Amino acid sequence: MRWIVAYLAAAAVFGILDALWLRWAGPNLYRPVIGEILAPQFRAAPAAAFYLIYLAGMVWFAVRPVIENGQVSTALINGALLG
């Protein structure tokens, strides 16, 4: 049960932060610099697949060390290497 809670909490925090970043970076950074190689329409299936897999990796590498052993430093290093 705690893994589900950890996954959902990570998804909520990551979703909010990523939405804020993409709302700014899309029109200000990505579109002007690499606009010609961006897909013309948003594709939900690849985005959902990426987020589900990435969040699973984030929970495994960055949240698990804290939940199991309280190893915050390991979680920070793993999270930095993953992200």
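User: Why is Ala75 called buried?
Analyst: Ala75 has a relative accessible area of 8%. Buried means under 20%, exposed means over 50%, and partly exposed lies in between (1.4 Å probe, protein chains only). The 8% is under the cut-off, so Ala75 counts as buried.

User: What kind of model is this, and how are residues numbered?
Analyst: This is a predicted model, in which local features need pLDDT of at least 70 and side-chain atom pairs count only at pLDDT 80 or more, while totals for chains, interfaces and linings use all residues. Residues are numbered from 1 along each chain as its sequence is written, and side-chain values use heavy atoms, leaving out hydrogens and water.

User: Where is Ala75, and which residues is it in contact with?
Analyst: Ala75 sits in helix 3. Contact means heavy atoms within 4.5 Å. Setting aside neighbours within four places in sequence, Ala75 is in contact with Phe61, Ala62, Pro65 and Val66. The C-alpha atoms of Ala75 and Trp60, 15 residues apart along the chain, are separated by 9.5 Å.

User: Why are helix 2 and helix 3 called roughly antiparallel?
Analyst: Two packed helices are described by the angle between their axes and the distance between the axes. Axes are lines fitted to C-alpha atoms, for helices over the stretch in contact, and angles run from 0 to 180 degrees between N-to-C directions. Helix 2 and helix 3 (residues 72-82) pack at about 160 degrees, with axes 6 Å apart. Angles under 35 degrees count as roughly parallel, over 145 as roughly antiparallel, 65 to 115 as roughly perpendicular and the rest as oblique. The pair is therefore roughly antiparallel.

User: Which residues meet where these two helices pack?
Analyst: Tyr54, Gly57, Met58, Phe61, Ala62, Pro65 and Val66 from helix 2 meet Val72, Thr74, Ala75, Asn78, Gly79 and Leu82 from helix 3.

User: How do you know that Glu68 and Arg64 meet in a salt bridge?
Analyst: A salt bridge is a side-chain nitrogen of Lys or Arg within 4 Å of a carboxyl oxygen of Asp or Glu. Here the N to O distance is 3.4 Å, so the pair qualifies. The count by this rule comes to one salt bridge. Glu68 and Arg64 are four residues apart in helix 2 (residues 44-69), so about one helical turn separates them.

User: Why do Glu68, Ala49 and Leu29 count as partly exposed?
Analyst: Their relative accessible areas are 41% for Glu68, 37% for Ala49 and 32% for Leu29. Ala49 belongs to helix 2, whereas Leu29 lies in helix 1 (residues 2-34).
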